[in-house]
Amino acid sequence: MTARHDITSNQGETLNLHIHYTDSSDDGIDLSSYSAEMKVKRTFLGDSSLLYLTQDGGITAGVTGSIGGITGGIFLNRNIGNSGSQTGGILIIAGSTATSYIPDGRHHYDLEVKFTPTGETIRIIEGRFESSG
């Protein structure tokens, strides 16, 4: 079952979100064979992303073309402070330049992980993404 969590973000401020992905025994799931992506869209079923983050520093903000200074991404098996490892830890960072391109309003997001050997994709969390300037 997909977890639900709403996010409130301020334009131009760095967004840091940490999730601990666990099994039914509350033990962290080793994510070393996984990839991850998070999309923020205007609507739940929308096609275009306002913010798109991928594993190990991949990020695209809602602009066309190359924009300098956009930082962030998804870091797997990381702890909340990004200072070490944590089995099952998912650290999501969107830098201040990236969040400045997300328009005011209520949007939707989801975070999916894919088990690389089989391609099985699991949506682990979704919800409303509210951005304000």
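Which residue forms a salt bridge with arginine 4? The partner is aspartate 6, and the closest N and O atoms of the two are 3.3 Å apart. A salt bridge here is a side-chain nitrogen of Lys or Arg within 4 Å of a carboxyl oxygen of Asp or Glu. By this rule the count comes to seven salt bridges.

This is a predicted model, in which local features need pLDDT of at least 70 and side-chain atom pairs count only at pLDDT 80 or more, while totals for chains, interfaces and linings use all residues. Residues are numbered from 1 along each chain as its sequence is written, and side-chain values use heavy atoms, with hydrogens and water left out.

**Salt bridges and exposure**

- Side chains of opposite charge can pair when their charged atoms come close.
- Exposure is given as relative accessible area: buried is under 20%, exposed is over 50%, and partly exposed is in between (1.4 Å probe, protein chains only).
- Arginine 4 counts as exposed at 56% relative accessibility, whereas aspartate 6 is partly exposed at 35%.
- Lysine 39 forms a salt bridge with glutamate 37, with 3.6 Å between the closest N and O atoms.
- Lysine 39 has a relative accessible area of 27% and is partly exposed; glutamate 37, at 22%, also counts as partly exposed.

**A link between two strands**

- Helices (H or I, at least four residues) and strands (E, at least two) are DSSP runs, numbered from the N terminus.
- Glutamate 130 forms a salt bridge with arginine 106, and their closest N and O atoms are 3.5 Å apart.
- Glutamate 130 lies in strand E10 (residues 120-132) and arginine 106 in strand E9 (residues 105-115), so this pair ties together parts that are 24 residues apart in sequence.
- Glutamate 130 is partly exposed at 28% relative accessibility, while arginine 106 is exposed at 55%.

**An open sheet**

- Two strands pair if DSSP finds at least two bridges between them.
- Three strands form an open sheet in the order E3-E8-E7, with antiparallel pairing.
- Strand E3 (15-20) and strand E7 (72-78) stand at the edges with a single partner strand each, so one side of each is left without a neighbour in the sheet.
- From one strand to the next, the twist averages 15°, with axes fitted as lines to C-alpha atoms and angles running from 0 to 180 degrees between N-to-C directions.
- E3 and strand E8 (residues 85-94) run antiparallel and are joined by six bridges.
- Leucine 17 stands opposite isoleucine 92 in E8.
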